[in-house]
Amino acid sequence: MLFPGCRPAVEYAEIKGLTQGTTYHIVVEAKPGLNTGDLRLKIENLLTEVDNSLSIYNDSSVISLINNNTSDKTDTLFREVFRASALISAQCDGLFDITVGPLVKAWGFGPDAIKRFDETKLDSLLALVGMDKVRLEGDRIVKADPDMFIDVNAIAQGYTVDLIIDLLAAEGVRECLVEVGGEVRTSGDKDGKGWHVGIDRPADGNYIPGADLQAAVRLDNSALATSGNYRKFYIDNGVNYSHTIDPPTGYPSRHTLLSATIVAPECAVADAWATACMVAGKDTAMTFIEKHDFLEGYLIFSDEKGEMKSWMSEGLRKRIEER
């Protein structure tokens, strides 16, 4: 007879590395016959494929050739990310927009960025922004203006996590956690114990992920992504400029929301919606999360006294442990 308490302990293997200017960390159930060396090679080949398609830091990538007007041809990865981005942009009233690149650069973020914004150029920059100004025609991308710049960094890491999850499933891996640059998705429930993922406290000086946690979330068969302004900003003449740009206005978002953590079935969705919520601010982010039943959220914000507060959706409450 077999008793649940007599099951042998499940062992897990780790695969780590560098990608997309950050790190990746994968934990898989070490079933008999699993060759982690072969698995690592397949994962790294996939990561190279993503880099060659979606990286704006790779001069020969598909997206870079589109941005510099060398080519208008897309590939499968680009088309999948573009369609997902267009859908989410429509759902959040344009607050998530992969054409916001010219504004991001002008405000001092991204490759070849300028650290001082010239407000006389705002109208001309806004003319280059908008998902309605770029479209797919078959395997070609059509831009309304050749100076438009497409940047999918706010969804690409989450999308990469989803691709790795699919690869692992095809390899027969059912219990796993995949993390790329802080965006996470899990499969299975870690032998009944559950996967637990931390949410960083959005405090000045908290630059090391996992060093100071605000909460921990049980994450079984779902994805989590966090966006915040407390690590990516610069100060000019005493003014703090966040990296989160509001596409409709062209200005960095200024509100009390410090970080937005989104849980969704897919990591690309969680990644993009976390950015949209940071653009929107606390009240609109709450509305978004409560409106869409595929989203759960945990928001950290400052109140009128400057004290840190949190809000969570009802669906998330049963799986979260606040610190």
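The following questions and answers concern a predicted model of a protein.

User: How many helices and strands does the secondary structure of the protein come to?
Analyst: The protein has 323 residues, of which 50% count as buried. Among the contacts with a separation of 6 or more, 60% are accounted for by residues 24 or more positions apart. The secondary structure comes to nine helices and 15 strands.

User: At what angle do the axes of helix α3 and helix α6 cross, and which class of orientation does that give?
Analyst: Helix α3 covers residues 76–91 and helix α6 covers residues 153–170. Their axes come within 11 Å and cross at roughly 120 degrees. An angle of 65 to 115 degrees would count as roughly perpendicular and one over 145 as roughly antiparallel. The crossing at roughly 120 degrees therefore makes α3 oblique to α6.

User: Which residues of α6 make the contact with α3?
Analyst: α3 passes α6 in a right-handed crossing. On the side of α3, the contact is made by L77, E80, V81, A84, S85 and I88. By class, this contact has seven nonpolar, one polar and one charged residues. The residues of α6 that take part are I155, Y159 and L163.

User: Is α6 roughly parallel or roughly antiparallel to α7?
Analyst: Helix α7 covers residues 267–280, and its axis is 7 Å from that of α6. The two helices pack at an angle of about 160 degrees. Angles over 145 degrees count as roughly antiparallel, so α6 is, relative to α7, roughly antiparallel.

User: Which residues of α7 meet α6?
Analyst: The crossing of α6 and α7 is right-handed. From α6, the residues involved are A154, I155, A156, Q157, G158, Y159, V161 and D162. The residues of this contact divide into eight nonpolar, three polar and two charged.

User: How many residues apart in sequence are the parts that the pair of Y12 and W195 ties together?
Analyst: The structure holds three aromatic pairs, and one of them is formed by Y12 and W195. This pair is edge-to-face, with 5.7 Å centre to centre and 75 degrees between the planes. Y12 lies in strand β1 (residues 12–19), whereas W195 lies in the loop between β6 (183–187) and β7 (196–200). The pair therefore ties together parts whose separation in sequence is 183 residues.

User: Is the pair of F78 and F82 stacked or edge-to-face?
Analyst: F78 and F82 both lie in helix α3, four residues apart, which is about one turn of the helix. F78 counts as buried at 1% relative accessibility, and F82 counts as buried at 6%. The ring centres are 6.2 Å apart and the planes are at 15 degrees, so the pair is stacked.

User: What is the C-alpha to C-alpha distance between D97 and P247?
Analyst: D97 is placed in the loop between α3 and α4 (101–106), and it is buried, with a relative accessible area of 10%. Leaving aside residues up to four places away in sequence, D97 touches V129, G130, M131 and P247. D97 and P247 are 150 residues apart in sequence, yet their distance in space, C-alpha to C-alpha, is 6.8 Å.

User: What is the phi of D93, and is D93 buried or exposed?
Analyst: Most residues other than glycine have a negative phi. D93 is not a glycine, yet its phi is positive, at about 60 degrees. D93 is found in the loop between α3 and α4. With 63% relative accessibility, D93 counts as exposed.

User: Where is D191 placed, and what is its relative accessible area?
Analyst: D191 is a residue other than glycine with a positive phi, near 60 degrees. Its place is in the loop between β6 and β7. D191 is partly exposed, and its relative accessible area is 24%.

Terms used: Residues are numbered from 1 along each chain as its sequence is written. This is a predicted model: local features need pLDDT of at least 70, side-chain atom pairs count only at pLDDT 80 or more; totals for chains, interfaces and linings use all residues. Side-chain values use heavy atoms; hydrogens and water are left out. Axes are lines fitted to C-alpha atoms, for helices over the stretch in contact, and angles run from 0 to 180 degrees between N-to-C directions. Angles under 35 degrees count as roughly parallel, over 145 as roughly antiparallel, 65 to 115 as roughly perpendicular and the rest as oblique. A crossing is left-handed if the near helix is turned anticlockwise from the far one by less than a right angle, and right-handed if clockwise. Contact means heavy atoms within 4.5 Å. Ala, Val, Leu, Ile, Met, Phe, Trp, Tyr, Cys and Pro count as nonpolar, Asp, Glu, Lys and Arg as charged, and the others, Gly among them, as polar. Rings of Phe, Tyr and Trp (its six-membered ring) pair if their centres lie within 6.5 Å; planes under 30 degrees apart count as stacked, over 60 as edge-to-face and the rest as tilted. Buried means under 20% relative accessible area, exposed over 50%, partly exposed in between (1.4 Å probe, protein chains only).
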